[in-house]
Amino acid sequence: MNEPLRLEFNEWALAGKGASMERGHRPVGEQAIERMQIPTQATVLDVGCGSGWATRLMARCARDGRVVGIDVSDEMVRLARDESADYPNVEFQVASAEQLPFDDREFSHAFSMESLYYYSDIARALGEIRRVMKAGGLFVAVVDLYQENEPSHQWIDSLKVPVQLLSAVEYCSLLERSGFMNVRHERLFDPTPVPEVYTGTTFKTRDDFVLYRQNGSLMLRAEVP
Ligand SMILES: C[S@@+](CC[C@H](N)C(=O)[O-])C[C@H]1O[C@@H](n2cnc3c(N)ncnc32)[C@H](O)[C@@H]1O
């Protein structure tokens, strides 16, 4: 288990960032999940689930299936469990994406929102995701920090943990090398208006925020042969 990541995201969970990430990520995350067209019987893995908002959203699609969220942060998992008591088809585990505690071919679908670039070994994590997926399965991931989205690079110095800055093509090539096929990327856009006066701390200026939104989120889509 990556201890610095666990501790950092435990702090985020205790500071209420599970809820603020849901607010920030959901407008694009919902679009990505809609594109997955998750059937009622699906078995779905949410990698780096945080507070589990996407896990619960997918559980509404996979009503007769099973949806599992994993996260390296035990406090995030505690939060996710607390908020998911009404979902009988949802479970959470503390685990690292690089070492998934599942058998081969357990899942028909996998999803990951704003998590991949934190992994110290993205190739190994993708190999693990591929391993636990069934033939014909679909993996969809979304990242906001990527090479082509220049304003997002500001986060690299402000984050307290190391992150990896990859381009769309680099992500796709890692997915292909991990055994996925029909790998595609596209941009998704958050329709929420940018406030006239920017008081946030995520970007240095409002213009940076506007450009970040115009660049959009990078969605990766890959199928299991
Ligand atoms: C930016 S948060 C996003 C959380 C959630 N997906 C969301 O959209 O609200 C990134 C999450 O990935 C988790 N994470 C980072 N590295 C991880 C790893 N190697 N294995 C599993 N989870 C990891 C963090 O603990 C954190 O909860």
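Okay, let's start in the sheet: strands β5, residues 133-143, and β7, residues 217-223, run antiparallel and are joined by 6 bridges. Strands here are DSSP E runs of at least two residues, helices are H or I runs of at least four, and both are numbered from the N terminus.

Quick housekeeping. This is a predicted model, so local features need pLDDT of at least 70 and side-chain atom pairs count only at pLDDT 80 or more, while totals for chains, interfaces and linings use all residues. Residue numbers start from 1 along each chain as its sequence is written.

Now zoom out. The sheet is open, with 7 strands in the order β3-β2-β1-β4-β5-β7-β6 and mixed pairing; two strands pair if DSSP finds at least two bridges between them. At the edges you have β3 (90-94) and β6 (181-188), each with a single partner strand, so one side of each has no neighbour in the sheet. From one strand to the next, the twist averages 15 degrees. Helix α2 packs on this sheet, touching β4 (107-113), β5, β6 and β7, and its direction makes about 160 degrees with that of β5. Angles run from 0 to 180 degrees between N-to-C directions, and axes are lines fitted to C-alpha atoms, for helices over the stretch in contact.

Stay on α2. Helix α3, residues 53-61, packs against α2 at about 30 degrees, with the axes 10 Å apart. Who touches whom? From α2 we get E22, R26, G29, E30 and I33, and from α3 W53, A54, L57 and M58, where contact means C-beta atoms, placed from the backbone, within 7 Å. By class that contact has 5 nonpolar, 1 polar and 3 charged residues. For the classes, Ala, Val, Leu, Ile, Met, Phe, Trp, Tyr, Cys and Pro are nonpolar, Asp, Glu, Lys and Arg are charged, and the others, Gly among them, are polar.

Over to another helix pair. The axes of α5 (122-131) and α7 (168-177) come within 9 Å and cross at roughly 50 degrees. I122, A123 and L126 of α5 meet L174, L175 and R177 of α7, a contact with 5 nonpolar, no polar and 1 charged residue.

Last stop, the ligand. Of the 23 residues around the ligand, F9, M21, G48, G50 and A97 come nearest, with "near" meaning a backbone-placed C-beta within 6 Å. Two or more shell residues come from each of α1 (3-14), α2 (17-36) and β2 (66-71). Which element gives the largest share? That's α2, with 3 residues. The shell divides into 12 nonpolar, 7 polar and 4 charged.

Terms used
Contact = placed C-beta atoms within 7 Å.
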